[in-house]
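Colleague: I am new to this one. Can we go through the labels and ask what stands behind each?

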Amino acid sequence: MPDSKLINLYQQMSELTEPECAKCTIHSKPFGCCTRIACEITLRHARDVWKVNLRHLFDENNDIPFLTKYNGCRIVPYMRPHCTLFTCFIAKFEHGPNPAWNKKYKELRDQIETIEWEEFDK
Ligand code: SF4
Ligand code: SF4
């Protein structure tokens, strides 16, 4: 189980990025860059890192198995770090929708990285 600070940081990061993805203008549909392969990576990450089996939430009949119809991803943010941290604002355009958003994103990412590096260094 990760420390509660890390869980909280991932939650805050999701609250920052998810509203932008929910109104995705790049793909003209919500959460437009979610993919089946990214969901599969989440499934394996949860199993390998957190020893949690998410298979019962993996909807084989859905093209994007962890994506709900109206509420975004059904997996908690810290179990899908590659999704929670990814935002085309940073990856593609190198800046977010406004300076406050940029600042918050960088602060959260730095704090997450610091904790995770400390963990991996043990
Ligand atoms: S990261 Fe960008 S392209 Fe992907 S869903 Fe969010 S807004 Fe859309
Ligand atoms: S955010 Fe959720 S639904 Fe989207 S790719 Fe990641 S695990 Fe799948």
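Modeller: Start with the word helix: a run that DSSP assigns as H or I, at least four residues long, numbered from the N terminus. Ile 115 lies in such a run, helix H5. Keep in mind that this is a predicted model.

Colleague: How many helices and strands does the protein have?

Modeller: It has 5 helices and 0 strands. Read from the N terminus, the order is α-α-α-α-α.

Colleague: What makes the protein as compact as a globular protein of its length?

Modeller: The globule rule gives 14 Å for 122 residues, and the radius of gyration is 15 Å. The two values are close, so the protein is as compact as a globular protein of that length. Along the principal axes, the C-alpha atoms fill a box of roughly 40 × 40 × 20 Å.

Colleague: Why is Leu 108 called buried?

Modeller: The cut-off is 20 or more other C-beta atoms within 10 Å. Leu 108 has 21, so the residue is buried. Leu 108 lies in helix H5. Beyond its neighbours within four places in sequence, Leu 108 is in contact with Leu 9, Gln 12, Met 13 and Leu 16.

Colleague: And Ile 115, buried, exposed or partly exposed?

Modeller: Exposed needs 12 or fewer, and buried needs 20 or more. Ile 115 has 15 C-beta neighbours inside 10 Å, so Ile 115 counts as partly exposed. With its neighbours within four places set aside, Ile 115 is in contact with Lys 5 and Leu 6. From Ile 115 to Pro 30, the C-alpha atoms are separated by 31 Å.

Colleague: How much of the protein counts as buried?

Modeller: Of the 122 residues, 22% do.

Colleague: What makes up the largest nonpolar core?

Modeller: It has 17 residues. Leu 9, Tyr 10, Phe 66, Cys 73 and Ile 75 have the most contacts inside it. Helix H1 (4-22), H2 and helix H5 (99-121) each give two or more residues to this core. In soluble globular proteins, nonpolar side chains tend to be buried together.

Colleague: Which residues is Ile 75 in contact with, leaving aside its neighbours within four places in sequence?

Modeller: Thr 42, Leu 54, Leu 57, Phe 66 and Arg 80. A contact here requires C-beta atoms within 7 Å.

Colleague: What surrounds ligand 1?

Modeller: The shell includes Cys 21, Cys 24, Cys 33 and Cys 88, along with His 27. By class, the residues are 7 nonpolar, 3 polar and 1 charged.

Colleague: And how many residues surround ligand 2?

Modeller: There are 13, with Cys 34, Ala 38, Cys 39, Cys 73 and Cys 83 the closest. The classes are 10 nonpolar, 2 polar and 1 charged. Helix H2 (residues 36-50) gives the most to this shell, with 3 residues.

Colleague: How do you know where the predictor is confident?

Modeller: From pLDDT, which averages 91. Among the elements, helix H4 (residues 88-91) has the lowest mean, 80, and H2 the highest, 97.

Definitions and conventions:
Residues numbered from 1 in each chain as written. Chains lettered and ligands numbered in written order. Predicted model: local features only at pLDDT ≥ 70, side-chain atom pairs only at ≥ 80, totals over all residues. Near = placed C-beta within 6 Å. Nonpolar A, V, L, I, M, F, W, Y, C, P; charged D, E, K, R; others polar. Core = buried A, V, L, I, M, F, W, Y, C linked by C-beta atoms within 7 Å. Contact = placed C-beta atoms within 7 Å. Rg over C-alpha atoms; globule rule 2.2 N^0.38 Å. pLDDT = per-residue confidence, 0-100.
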